[in-house]
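Visitor: Could you take me on a close look at one chain of this model, and at the place where its partner touches it? I am new to this, so please go step by step.

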Amino acid sequence: MTALLRLRGISKYYPRTQHSSERLRALRDVLIGKQGLDGTAVLKDINLDISPGQSMAVIGENGAGKSTLLKVLAGVLRPSEGQVELNGSIAALLELGAGFQPDFTGLENVRMKAALLGLPRRSLETKLEEILAFADIGEYIHEPVKHYSSGMVVRLAFAVTTVVNPQLLITDEILAVGDESFQKKCINWIEGYLESGGTLLMVSHNMYQVQKLCKQACWIHEGHMRMQGDVFRVTQAYLAWHEEKSAHERGVNRSAAGTGMYQIAEFRIRDSENGETPEWPTGSDIGAEAILKSPDGRPPVVLFGIVRADGTPIYGISSDEAKISPQKTADGRFRFAIRFKSPPLLPGSYSLRAHAMDPEGVRLFDTSEQRFLITGASRELGFVRLDSEWNEP
Amino acid sequence: MNKGVSIFLELSQREIKTRFLESFSGAAWLILQPLLLLLIYSFVFVIIFKARVPEADTTGFVPYLAIAFWPWISFSESVLRSVSAITENTELIGKVALPSEVFPAATVSATFVMHLAGYLVVLLVLTLTGTAIHWLMLIPALIVLIMVYIFALSLGLFLSSLNVFVRDFEHVMPPLMTLWFFGTPILYSIELIPENLRQYMHINPFLYFVQTLREMLLFGTWRPGLDDLIALASIIIFGILAIRFFRRLSPRFEDFF
């Protein structure tokens, strides 16, 4: 199957244009045909293939380069390097209200929008009714757009898109506006569009929407393609990264008392021998072992706990509480092993922590942490799956 | 229909509507404004300065001025407006994939369409007030006007794209156009220029338009010649250069907004 859209080695640099001398130099470079490869890099070496029927989300932090990527895809912006190959019709809604002029009536703006989206003038006449029905703004259509609420502008603009029916639809954060019922209407329309074989590429910060509408996702991070693939995998990794980032900012990650008497000498969780972050599907057993050092030879207490990547505790249990006596492996070294039996953790990023405590189980001396990922496709919310039952009439 | 064409049509319609039809009696102003200017110039030159244009002895000064004045107004207004045609539409150009030529093209076209309507009205008024307008020459005159249009469009393409990189053109152009106006024999005849300076007047491309239009519509003395062919060829070459220049710069517009 040939790709509808193919990006190869896309990079984009913005030249420095602060001073007029810089602008003049840039003008000269453009005139003699020199590509400006200096300046600020916004995108670096992006490769992306979109096949017909695919639905792809572009996610990433603010300023990661998502909108620039979309502009390149939509043909608004020419990349500094690389090739864009498009085999089909495209409609890009980088901004719904683009092309709307406040002094003109809704109807006049609809005509402009249709031209901008590439709808021939003649077919607009036949589709006008459809547009007005979708927008559902009644008599306001004959009023100047400056009297509209921002939601009404969005309704009208999206309504025009619905009749264009492109092979590839590109949207940037557009569903974030409009009221609940209109958002629902848009989502319904996009779902229908996808079912009828349309291809979608969208930017959104709403992961629920992303998971609902898209099968694939790519994560743009600081202008690079950080990850690309199944929507659940990518969004989970992205959210985990966010949680870690905010945890890091709060300083939760720092161990409480690293240089204490009772220390964790070794801490391993299942499958993590080569230093990689293990990934297990929901419901897998999670095993771990820790070897603790005790300076006075008395067996210390260990506490194992599972926390969410942002540090929110989910469950913890100490050897003291469980009345476990450790296995003495050498002089002053004690081995503890634990296995969480099929914990109902929902897909996401978690950490298993081991804390070394004194034999009385009162004071905390050392903390070690291992990250792991739970994978799976689920739209359940929260951290854990609670056993539930629906009462059907 | 091509997407660029329908955007161009929509933009031109919009431009005509906002600039000429939206204000109260905007369409009337379209005729009134150049008429008033014409009145002022006639007053100053005919009554105060008692300027005598040897060429216009038989036709009178006002028709002599009017025939050249309207094409100039269309030209200078559309060039001045198109300078900022790209920089005023950065919002749209940065959001929608479209050939950005449509913006200067729509500005120039809308201005020409409206002013040419005014030109026809003026020619009609002149005829009714007793000036012998050579209506048979209207077809070649239209070709000359189309050449003026292409010339304005080409300059518009150059200036609007350059203005993205160097914003000074917005400020430099109005005085330059005034200079150009007085450097062109619109208010006067080239025969009033001293003999030794007259040859330099021919560097001015607008001279050809002014003289040819007078020869056609006012004197009826125009006959096709080699200079018409040269003018036509130069305008076409200039137009092609302008498009190529614009298309070279336009992919990089976004970087400089």
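Guide: Let's start with overall size, keeping in mind that this is a predicted model. Chain B has 257 residues, and a compact globule of that length would have a radius of gyration near 18 Å; the value for chain B is 19 Å, so the two agree. If you draw a box along the principal axes, the C-alpha atoms of chain B fill roughly 55 × 45 × 35 Å.

Now look at what chain B is built from. How do the parts of the chain meet? Take the contacts in chain B between residues at least 6 apart in sequence: 80% of them join residues at least 24 apart. As for burial, 41% of the 257 residues of chain B count as buried.

Next, turn to the place where the chains touch. Chain B brings 22 residues to this contact, and chain A brings 29 residues. On the side of chain B that touches chain A, helix H1 (3-21) and helix H10 (226-249) each supply at least two residues. The largest share of that side comes from H1(B), with 6 residues. Sorted by class, the side of chain B that touches chain A has 11 nonpolar, 3 polar and 8 charged residues.

Finally, here are two backbone details in chain A. A:Asn165 has a phi near 50 degrees, a positive value in a residue other than glycine. You can find A:Asn165 in the loop between helix H5 (150-164) and strand S6 (168-172) of chain A. A:Asn165 counts as partly exposed because it has 14 C-beta neighbours inside 10 Å, and the partly exposed class lies between 12 or fewer for exposed and 20 or more for buried. For A:Glu222, phi is also near 50 degrees, again a positive value in a residue other than glycine. A:Glu222 sits in the loop between strand S8 (216-221) and strand S9 (224-230) of chain A. With 14 other C-beta atoms within 10 Å, A:Glu222 is partly exposed.

Key. Residues are numbered from 1 along each chain as its sequence is written. Chains are lettered from A and ligands numbered from 1 in the order in which they are written. This is a predicted model: local features need pLDDT of at least 70, side-chain atom pairs count only at pLDDT 80 or more; totals for chains, interfaces and linings use all residues. The radius of gyration is taken over C-alpha atoms; the globule rule is 2.2 Å times the number of residues to the power 0.38. Two residues are in contact if their C-beta atoms, placed from the backbone, lie within 7 Å. Helices (H or I, at least four residues) and strands (E, at least two) are DSSP runs, numbered from the N terminus. Ala, Val, Leu, Ile, Met, Phe, Trp, Tyr, Cys and Pro count as nonpolar, Asp, Glu, Lys and Arg as charged, and the others, Gly among them, as polar.
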